[in-house]
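My notes follow the order of the search.

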Amino acid sequence: MLCLLLPASLQARVWTGVVTHVSDGDTLWLRPADGSVPRKVRLLGLDAPELCQPGGEAARAALQGLVAGKPVQVTVNFQDSYGRDLGRLRVDARDVGAALVSAGQAWSSRWHNGLGPYAVQEASARLARLGLFADPAALLPRDFRQRHGPCQPPR
């Protein structure tokens with residue numbers, strides 16, 4: 001049996017906290033249960049529309065509805081170039097990213113040539129024409145930013 005040991009810097013960290021602010025459909029601030037300073041978290045595995053993009057406000061409202069007033073568990077895989085924790089969020093044992101994509105409020109992140117971790121949820125939402133997928137011309141956020149530029153200051 002092969003055992004692979006990863007440095008602590010590459011291992012996921014799991015912590016709990018309370019949401020203090022939802023910035024948009026895939027970024028929020030959490031106050032850790034240990035009392036440390038609030039942390040900015042970007043949900044891993046999905047991409048929600050920009051706030052100024054069609055569906056952006058609805059995506060933020062959907063995320064708020066899922067996490068408001070509830071303790072959350074965060075599994076942080078790493079930090080991005082903006083200093084945000086990148087990770088998965090669970091509320092009541094429910095994967096928040098999967099719930100958002102299933103409701104048509106975000107796309108599964110495209111990685112290289114793959115459709116990302118929530119491809120099945122996105123396919124179901126597309127088939128049912130839920131949320132963003134009711135509009136066949138909806139643009140991925142990266143494509144929207146390329147065409148229109150950022151609609152808010154850098155996060």
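I took strands as DSSP runs of E with at least two residues, numbered from the N terminus. I note at the outset that the model is predicted.

Entry 1, the cavity. I searched the whole structure and found one cavity of 30 Å³ or more. For the largest cavity I recorded a volume of about 30 Å³.

Entry 2, the lining. I listed Leu43, Leu44, Leu46, Gly87, Arg88, Leu89, Asp95, Gly97 and Tyr118 around the largest cavity. Sorted by class, this lining holds five nonpolar, two polar and two charged residues.

Entry 3, from β6 to β3. I then looked up the pairing of β6 and noted that β3 and β6 run parallel, with three bridges between them. Within this pairing, Arg42 stands opposite Leu86 of β6.

Entry 4, cover of β3. Is strand β3, residues 39–43, mostly covered or mostly open? I recorded β3 as mostly covered, with four of its five residues buried. I applied buried in the sense of under 20% relative accessible area.

I followed β3 to strand β2, residues 27–32, and noted an antiparallel pairing joined by four bridges. Leu28 has Val41 in β3 as its bridge partner. Six residues lie between the strands of this β2 and β3 hairpin, and I noted there that Gly35 adopts a positive phi near 85°.

Conventions:
Residues numbered from 1 in each chain as written. Predicted model: local features only at pLDDT ≥ 70, side-chain atom pairs only at ≥ 80, totals over all residues. Heavy atoms only, no water. 1 Å grid on protein atoms, 1.4 Å probe; cavity = no way out; pocket = protein on both sides within 12 Å on 5 of 7 lines; lining within 4 Å. Points joined across faces, edges and corners; volume = space filled by probe spheres on them. Nonpolar A, V, L, I, M, F, W, Y, C, P; charged D, E, K, R; others polar. Buried < 20%, exposed > 50% of the residue type's maximum accessible area, 1.4 Å probe, protein only. Pairing = 2+ DSSP bridges.
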